[in-house]
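Colleague: I would like to go through the labels used for this model, with the cut-off behind each one. Please show it first.

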Amino acid sequence: MPERLSTVFPVKRRENAHGWVGEWNFPPELFEHIDQQEALAVVARLLKPSKIKQSDYVFKTGDPSKNMYFLNKGSLAVLVDGRKVDVLQVGDFVGEIGMALDEKRRADVQANADSEILELAWKDLCTIGFECPVFVCNVCKSISRSNGPNSARARNATRRMLLICSGDAHP
């Protein structure tokens, strides 16, 4: 599998609501067509870091979907009915569709190695939508690219996310 492109953005303690200091290996496609440094600062301020040990789960099928996750270090497996259907690499993100639709998780996500994830809550995505709506539009584009044009679930998630930009979606 080809390595995913990611770009590093340094985050200082005073720039993050959770006191996190580190480097965010962010997916560059989410920051297209915007002032990258400004948008990165807006998003990075709201990311909540977590360390995940090998074999531990980020989430399991049936869990509530209140957050999306960016893989910052390590590797994660996406499992459906116990079968590995995808492997996430640094710079990938997961959970955005379930979060947008406020539905139960449809897969397990398990660490293949010790990993670091950065959590972004729905309420924080709404905040970002007000401050940097193009970021949310770029998340929608990424959902469409990765799920294809025929995915009703992806279309519904995209519609709900785009409501953020219009001010009609609330946490």
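Colleague: Why is Lys123 called partly exposed?
Modeller: Its relative accessible area is 48%. Buried means under 20%, exposed over 50%, and partly exposed in between, with a 1.4 Å probe and protein chains only. Lys123 therefore counts as partly exposed. As to the source, this is a predicted model in which local features need pLDDT of at least 70 and side-chain atom pairs count only at pLDDT 80 or more, while totals for chains, interfaces and linings use all residues. Residues are numbered from 1 along each chain as its sequence is written, and side-chain values use heavy atoms, with hydrogens and water left out.

Colleague: What makes the pair Asp124 and Lys123 a salt bridge?
Modeller: The closest N and O atoms of the two are 3.3 Å apart. The term requires a side-chain nitrogen of Lys or Arg within 4 Å of a carboxyl oxygen of Asp or Glu, so the pair qualifies. Asp124 is at 11% relative accessibility and therefore counts as buried. Elsewhere, salt bridges with shared partners join Lys51, Lys73 and Glu116 into one network.

Colleague: How do you know that Glu116 and Lys51 meet in a salt bridge?
Modeller: The N to O distance between their side chains is 3.5 Å. The pair links distant parts of the chain, with Glu116 in strand β10 (residues 115–121) and Lys51 in strand β3, 65 residues apart. Strands (E, at least two residues) and helices (H or I, at least four) are DSSP runs, numbered from the N terminus.

Colleague: Are Glu116 and Lys51 buried or exposed?
Modeller: Glu116 has 5% relative accessibility, so this residue is buried. Lys51 has 63%, so this one is exposed.

Colleague: How many salt bridges does a search of the whole structure find?
Modeller: The search finds 7. One of them pairs Glu131 with Arg45, whose closest N and O atoms are 2.8 Å apart.

Colleague: Why are Glu131 and Arg45 called partly exposed?
Modeller: Glu131 is at 40% relative accessibility and Arg45 at 27%, so each gets that label.

Colleague: Why are α3 and α4 called oblique to each other?
Modeller: Helix α3 (residues 122–131) and helix α4 (residues 133–147) pack at about 120°, and their axes are 5 Å apart. Axes are lines fitted to C-alpha atoms, for helices over the stretch in contact, and angles run from 0 to 180 degrees between N-to-C directions. Under 35 degrees is roughly parallel, over 145 roughly antiparallel, 65 to 115 roughly perpendicular, and the rest oblique. The two helices are therefore oblique.

Colleague: Which residues make the contact?
Modeller: With contact meaning heavy atoms within 4.5 Å, α3 gives Leu125, Ile128, Gly129, Phe130 and Glu131, and α4 gives Pro133, Phe135 and Val136. Phe135 and Val136 are among the buried residues of α4.

Colleague: What residue follows α4?
Modeller: Gly148 does, with a positive phi near 85°.

Colleague: Which value sets Ser55 apart as a residue that is not a glycine?
Modeller: Its phi is positive, about 80°. Ser55 lies in the loop between β3 and β4 (57–59) and, at 43% relative accessible area, is partly exposed.

Colleague: What makes Asp81 exposed?
Modeller: Its relative accessibility is 73%, so it counts as exposed. Asp81 is in the loop between β6 (76–80) and β7 (83–88), and its phi, near 55°, is also positive.
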